[in-house]
Each structure stands twice: as structure tokens, then as C-alpha cells.
Amino acid sequence: MASFVLFIFTLVALSSSCSNAVGPQNNKTLLSLASRIGINYGRLGNNLPSPYQSINLIKSIKAGHVKLYDADQETLMLLSQTNLYVTIMVPNNQIISLGADQAAADKWVNTNVLPHYPQTRIRFVLVGNEILSYNSDQDKQTWASLVPAMRKIVNSLRARGIHNIKVGTPLAMDILRSSFPPSSGAFREEVVAPVMLPLLKFLNGTNSFFFLDVYPYFPWSNDPVNNHLDFALFESNSTYTDPQTGLVYTNLLDQMLDSVIFAMTKLGYPNIRLAISETGWPNSGDIDETGANILNAATYNRNLIKKMTANPPLGTPARRGSPIPTFLFSLFNENQKPGSGTERHWGILNPDGTQIYEIDLSGTRPVSGLGSLPKPSNNVPFKGNVWCVAVEGASEAELGHALDFACGRSNDTCAALAPGRECYAPVSITWHASYAFSSYWAQFRNQSSQCYFNGLARETTTNPGNEHCKFPSVTL
């Protein structure tokens with residue numbers, strides 16, 4: 001009976017949320033923000049254009065908003081000469097100090113906002129980045145400091161007469177313990193009392209947004225055989241009906257967004273507005289990262305822009321007609337991001353500024369009028385052997401350090417490289433590193449090791465060994 005009562009409350013709350021969430025003036029501001037698709041400008045690369053060049057590139061793809069992962073002074077100064085809305089970020093490692101001390105928050109605002117506002121059109125300050133995705137003891141101290149830090153930033157802004165900058169924090173979908181069907185959406189129990197309830201109270205009281213990093217690629221790619229790719233790319237003719245609410249879904253993104261709306265509603269906050277702080281699709285990746293290709297990336301992002309710039313706004317099945325400010329991830333392929341291959345391939349642009357695929361963030365050009373796309377070869381999972389070898393042109397000194405690392409964890413990893421053993425010759429850093437990389441990856445992949453080695457390694461389906469030396473491999 002209790003669950004039935006909660007379900008009825010949720011439906012009643014949602015039925016009124018669209019009409020009560022925003023007033024006329026707030027709705028006008030929200031429409032202005034949501035109609036301008038934003039871009040995430042990350043800089044984890046050693047080959048990226050300067051901030052000046054990057055801002056010109058952002059304007060060339062007709063973005064209306066740019067989100068920074070810091071409050072870089074040079075970039076903020078350059079942005080004052082544009083019409084772009086701007087979002088800046090407080091790093092995770094500053095949250096505890098800001099949460100404990102109003103003077104520290106005042107100093108942060110004095111340093112990072114006041115020198116640039118209002119000439120630079122700062123509209124959001126985001127405190128931290130996906131902090132609930134980390135759960136060490138130190139991370140949990142950050143959890144406890146999050147809302148206090150956000151409150152102190154708001155206090156500082158208001159004390160300086162600034163009322164049109166909203167404060168939020170971007171969270172990943174792992175904040176949910178249940179997300180499917182959407183009506184089952186519920187936050188993880190360990191974050192509800194210490195973080196989510198005070199956060200929702202803060203967002204509701206300041207009329208701010210629940211910022212969400214939401215990537216349909218990940219749930220789709222977890223089971224690409226049984227999940228429908230077209231449904232993830234906004235291309236499906238089929239629908240899914242939530243068995244509890246009867247709401248009909250035509251795409252995976254709406255399902256994910258509504259699961260968060262239902263989770264908030266169950267905690268008593270049905271009207272907090274959503275914003276998408278990150279979304280996108282990888283244009284390439286490792287061999288085992290099915291569906292990471294240019295065709296899917298372009299299709300997802302083009303259709304997303306069409307959906308989010310529709311006039312009148314489309315919203316989601318649980319919130320018909322609600323505008324959703326949205327930031328694509330990301331501007332560039334960033335070659336120094338660690339992790340699997342997709343981590344370095346979310347960009348719309350190559351580091352030299354050329355478009356990986358044609359796109360128009362203004363949404364004014366029809367999708368059918370954008371450039372053709374290469375046919376993909378990895379929309380079904382690869383089956384076979386994969387090796388991990390040194391990249392061409394890698395520094396021998398860096399390979400030497402990586403070789404020492406790969407061979408140092410276990411005596412078995414590089415036993416075949418000992419003098420007189422089957423893989424000792426040819427005696428070269430590249431050969432030995434390639435064997436060590438493959439052996440290490442095959443040995444420790446089930447413990448989340450990657451074929452990366454600080455950018456010195458790549459995957460291959462071509463056997464690098466010979467008749468005397470058999471390289472260990474991973475079988476997919």
C-alpha cells in the first residue's frame with residue numbers, strides 16, 4: 001500500500017510540474033538558455049589550439065554557450081568579446097575549503113567572476129564535477145561540503161548584486177540505484193540523506209537546475225546485441241511504454257532523463273528543472289568499444305540538437321514542453337585523457353580545428369542538409385584476438401619507463417624477454433615494450449587495466465609476434 005500511495009503522489013506531482021516549474025519571466029530566460037546549444041571546452045591535450053583560436057572555432061560551429069572545466073582567466077577575458085553564454089567551474093579539490101569558509105568563497109568569486117562579469121556573459125557556476133562518482137573517505141568529506149560550498153557561492157554573488165548567475169553541480173547517472181523503467185528511478189541510498197536532500201532543497205530554493213551528465217552510449221554499449229542502436233540515436237520507429245505510468249518513449253535519452261525526474265519527485269521535489277551538462281557519442285574507441293564511430297556520433301549529436309532546439313520545446317514524456325539547456329561533449333578530441341580509447345574521442349573537432357563531421361549547433365540547418373558520413377564497421381561486437389603494441393614514433397625514453405612499469409608488477413609478465421628466451425630478439429625498446437604491453441594487458445585486463453600506457457600503446461588485431469615469439473593476446 002505504501003508503494004502505491006507513493007506512486008500516486010509521484011503521478012500527481014508530475015502532472016503539475018510542467019505548469020508550476022517556472023513563471024513567465026523565468027520561462028523566458030530558460031527558453032533563451034535552452035535554445036542555445038552549449039559545448040564543453042576541455043583542454044586535456046598537448047596538441048590543442050590556443051584559447052583565442054578555440055573560441056573562434058566555437059563560434060564557427062554556432063554554439064551559443066561554452067562550458068569551462070575551470071575559470072581560466074585568459075579564456076574568460078577573451079569570451080568578453082563574444083556573445084556566448086559562459087559556464088565556469090569550481091574544481092573538486094576546492095569544495096571543502098569553500099564549504100567551510102565564506103571568506104574563501106568570497107575570494108573565489110572576487111577572483112573568478114567579478115573581473116569578468118557582466119562583460120563575459122557568465123550564467124552558471126558549477127561546483128565540482130561528478131563528485132558522487134567517487135566514494136573514498138576523502139571523497140565523502142567533499143560530499144558533505146558540496147551544498148555548503150554552493151550556498152556560500154550564492155551568498156557571495158548576491159552580496160555583490162549578482163542575481164542572474166545560477167549555481168549547480170553536475171552529476172553522473174551513477175547517482176541512481178534504479179533507472180529502468182523510468183518510473184522506477186531512485187537515488188542511491190547512501191547519497192540521499194547526506195547529499196541529495198540538501199542539494200534538492202538548495203536547487204529548489206534558488207530556482208537553479210539539476211545538472212546531469214547523461215550518455216546513452218554507455219547503457220546501449222553494455223549490451224549492443226539486445227539494445228537497439230536506433231533507439232539510442234533518436235532514429236527508431238519503435239516505442240517503449242513504461243508499465244507503471246503509461247508514458248511512451250521514442251529514445252533512450254528521454255528514458256534516462258525521466259528516471260532522474262522520478263527520483264527527484266520521490267524525494268518531494270517534482271519541479272526542479274533539468275540541464276544536461278554533458279552528453280554526446282564517441283567518434284572512435286578501442287576495438288572492444290562497439291558503436292564508437294563517426295556515423296553514430298554525428299547521428300546522435302545532430303538529432304540531439306534538432307530535439308533540443310525545437311520550437312516550441314519538446315521536453316520529455318514526464319515533462320512535455322519543458323526546455324532543457326544542453327551542452328555537447330566535447331569540442332576537441334583530447335589526447336591526454338586517460339582510460340579507454342573512447343575517452344579521447346568525444347570531440348566534434350580535430351586538434352587542428354577541422355570538423356570530424358559536419359555539424360551546426362544552432363539547429364537552423366536540417367539534418368538532411370549536413371555532410372555525408374563514413375559507413376561504420378564496428379556496430380556489432382568484434383570477435384577475435386587483440387594485442388596491445390607500442391605506438392609508432394613513441395619516445396624510446398618514455399617506452400623504457402613504460403616497459404619497466406609493465407614488467408614490474410609480476411615476474412611472469414616479461415619472463416619471455418630475458419636473454420636467451422624466445423622473445424629476447426630483436427633487441428629493441430619498441431619490440432620489448434610491445435611484448436610487455438600485450439602481456440601486461442592480457443594478464444591484468446580483468447582488473448580494469450587498459451591498453452594505453454600514457455598514450456604509448458594502441459590495440460591491434462594484427463598478430464605482432466613471429467614463429468619464435470608468441471605475444472599474449474586478449475580474446476573478445
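Good morning. Helices here are DSSP runs of H or I with at least four residues, strands are DSSP runs of E with at least two, and both are numbered from the N terminus. Axes are lines fitted to C-alpha atoms, for helices over the stretch in contact, and angles between N-to-C directions run from 0 to 180 degrees. Contact means heavy atoms within 4.5 Å.

The model is a predicted one, in which local features need pLDDT of at least 70 and side-chain atom pairs count only at pLDDT 80 or more, while totals for chains, interfaces and linings use all residues. Residues are numbered from 1 along each chain as its sequence is written, and side-chain values use heavy atoms, with hydrogens and water left out.

Let me turn to confidence. The pLDDT is the predictor's confidence in each residue, from 0 to 100. The protein chain averages a pLDDT of 94, and 94% of the residues score at least 70. Where pLDDT is low, the predicted coordinates should not be read in detail.

Next, the sheets. Strands of a sheet pair through backbone hydrogen bonds, either parallel or antiparallel. Two strands are taken to pair if DSSP finds at least two bridges between them. In which order do the 9 strands of the parallel open sheet stand? The order is β5-β4-β3-β2-β1-β15-β12-β9-β6. At its edges are β5 (166–168) and β6 (170–172), each pairing on one side only. From one strand to the next, the twist averages 25 degrees. Within this sheet, β2 (residues 65–68) and β3 (residues 85–90) pair in the parallel sense over 3 bridges, and histidine 65 stands opposite tyrosine 85 in β3. Helix α11 (residues 252–266) lies across β9 (209–213) and β12 (273–279), at about 135 degrees to β12.

Strand β16 (residues 385–390) is joined to β17 by 4 bridges, and tryptophan 387 is placed opposite threonine 460 in β17.

I now come to helix packing. The axes of α6 (residues 102–112) and α7 (residues 137–159) come within 9 Å and cross at roughly 60 degrees. Helix α6 is therefore oblique to α7. Angles under 35 degrees count as roughly parallel, over 145 as roughly antiparallel, 65 to 115 as roughly perpendicular and the rest as oblique. Is the crossing of α6 and α7 left-handed or right-handed? The crossing is right-handed. A crossing is left-handed if the near helix is turned anticlockwise from the far one by less than a right angle, and right-handed if clockwise.

Helix α7 also meets α8 (residues 189–206): their axes come within 8 Å and cross at roughly 15 degrees. Helix α7 is therefore roughly parallel to α8, and this crossing is left-handed. By class, the contact has 11 nonpolar, 1 polar and 4 charged residues. Ala, Val, Leu, Ile, Met, Phe, Trp, Tyr, Cys and Pro count as nonpolar, Asp, Glu, Lys and Arg as charged, and the others, Gly among them, as polar.

Helix α14 has a helical partner as well. Helix α13 (residues 396–408) packs with α14 at an angle of about 35 degrees, with the axes 9 Å apart. Their crossing is left-handed. Among the residues in contact are Leu399, Leu403 and Phe405 of α13, and Ala433, Phe437 and Tyr440 of α14. By class, this contact has 11 nonpolar, 3 polar and 1 charged residues.

Finally, some backbone details in the loops. The loop between α13 and α14 holds proline 426, and the peptide bond from alanine 425 to proline 426 is cis, with omega near 0 degrees. A cis peptide bond also joins asparagine 311 and proline 312, with omega about 5 degrees; proline 312 lies in the loop between α12 (294–308) and β13 (315–316). Asparagine 207, in the loop between α8 and β9, has a positive phi of about 55 degrees although it is not a glycine. Thank you.
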